[in-house]
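I opened this notebook to keep track of what I looked up, one topic at a time.

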Amino acid sequence: MLACMGSPAQAQVPQAAAAYRADLTRTARAVWGLNAPVAVFAAQVHTESAWKPGAVSHVGAAGLAQFMPGTSKWIAGIDPALKANQPFNPAWAMRALVVYDLWLYERAPAAYSPRDRMWVALRAYNGGLGHWQAEARNASTGDRAAVDAACGSAKRHRSHCVENLTYPRRILIDLQPRYATWGPTL
């Protein structure tokens, strides 16, 4: 009887997520390649909207990927497939999320491990790449932990650091294991 119930981690994946698994996997692989960290993207959507395509935050972020209007407009100009700028369309939102994550990942220090580069990309997704870059310039060393310790030392107010530092931790450490059966992890 227990074999039918699945693992505790799988039981914690919202039922709504199942409807998006194939599309997210296909989109992630189309953008990142066959080894795309699908489990990371699933955990990120889980964090952003709990798989609710009509979600709107108190600050105006919209859709599965919770894009702010300005970012939504900007990302629509990065990838021709996103030209329609439809943050409430699940397919558009998932593509925008993986495209933006790749864009941010490519701007993380190449010397970092893939997991640390994704950590940087996630911090930038949540709080802005410019904030992370300014904090990196103020860090005591160039490693990721030192940059995290420098959070709030530049443009960003320290009061925003708890959320910004918790965001990648929640995705990579807390939620990613729940989606490990979806595809590669970091």
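**Entry 1, two helices.** I began with the axes of H5 and H6, which come within 11 Å and cross at roughly 80°. I work here from a predicted model. Since angles from 65 to 115 degrees count as roughly perpendicular, I noted H5 and H6 as roughly perpendicular to each other. I then looked up which residues meet: on the H5 side they are Thr71, Ser72, Trp74, Ile75 and Ala76, and on the H6 side Trp92, Ala96, Val99, Tyr100 and Trp103.

Which residue forms a salt bridge with Asp79? I found Arg95, with the closest N and O atoms 2.7 Å apart. Asp79 is in the loop between helix H5 (69-76) and helix H6 (90-105), while Arg95 is in helix H6 itself, so that the pair links distant parts of the chain, 16 residues apart. I checked the accessibility of both partners: Asp79 is buried, with a relative accessible area of 10%, whereas Arg95, at 23% relative accessibility, counts as partly exposed. The cut-off that matters for this reading is 20%, under which a residue is called buried.

The structure holds 7 salt bridges, and I followed up two others. Glu106 forms one with Arg107, the closest N and O atoms being 4.0 Å apart; Arg107 is partly exposed, with a relative accessible area of 38%. The side chains of Arg144 and Asp116 also meet in a salt bridge, at 2.8 Å from N to O. Arg144 lies in helix H9 (residues 144-149) and Asp116 in helix H7 (residues 114-127), so this pair ties together parts that are 28 residues apart in sequence. Arg144 counts as buried at 18% relative accessibility, and Asp116 counts as partly exposed at 24%.

I next turned to the rings, and the structure holds 15 aromatic pairs. Phe67 lies in the loop between helix H4 (38-49) and H5, and Tyr125 in helix H7, so the pair ties together parts that are 58 residues apart in sequence. Phe67 and Tyr125 are both buried. The rings of Tyr179 and Trp182 have centres 5.0 Å apart and planes at 90°, so this pair is edge-to-face as well, and both residues are buried. Finally, I traced a cluster in which ring pairs link Phe67, Trp74, Trp92, Tyr100, Trp103, Tyr125 and Tyr167; Trp74 in H5 and Trp92, Tyr100 and Trp103 in H6 are among the residues listed where those helices meet.

Is Gln44 buried or exposed? Gln44, placed in helix H4, is buried, with a relative accessible area of 0%. Leaving aside neighbours within four places in sequence, I found Gln44 in contact with Leu97, Asp101, Leu122, Tyr125, Tyr167 and Ile171, and two of these, Tyr125 and Tyr167, belong to the ring cluster. His46 is found in helix H4 too, and is buried, with a relative accessible area of 11%. Not counting residues up to four places away in sequence, His46 touches Gln12, Pro14, Trp51, Arg170, Leu175, Arg178 and Tyr179.

Gln66, with a phi of about 55°, is in the loop between H4 and H5 and counts as buried at 12% relative accessibility. Asn85, with a phi of about 50°, lies in the loop between H5 and H6 and is partly exposed, with a relative accessible area of 29%.

Methods: Residues numbered from 1 in each chain as written. Predicted model: local features only at pLDDT ≥ 70, side-chain atom pairs only at ≥ 80, totals over all residues. Heavy atoms only, no water. Helix = DSSP H or I, 4+ residues; strand = E, 2+ residues; numbered from the N terminus. Buried < 20%, exposed > 50% of the residue type's maximum accessible area, 1.4 Å probe, protein only. Phe/Tyr/Trp six-rings, centres within 6.5 Å; stacked < 30°, edge-to-face > 60°. Axes fitted to C-alpha atoms, helices over the stretch in contact; angles between N-to-C directions. Parallel < 35°, antiparallel > 145°, perpendicular 65-115°, else oblique. Contact = heavy atoms within 4.5 Å.
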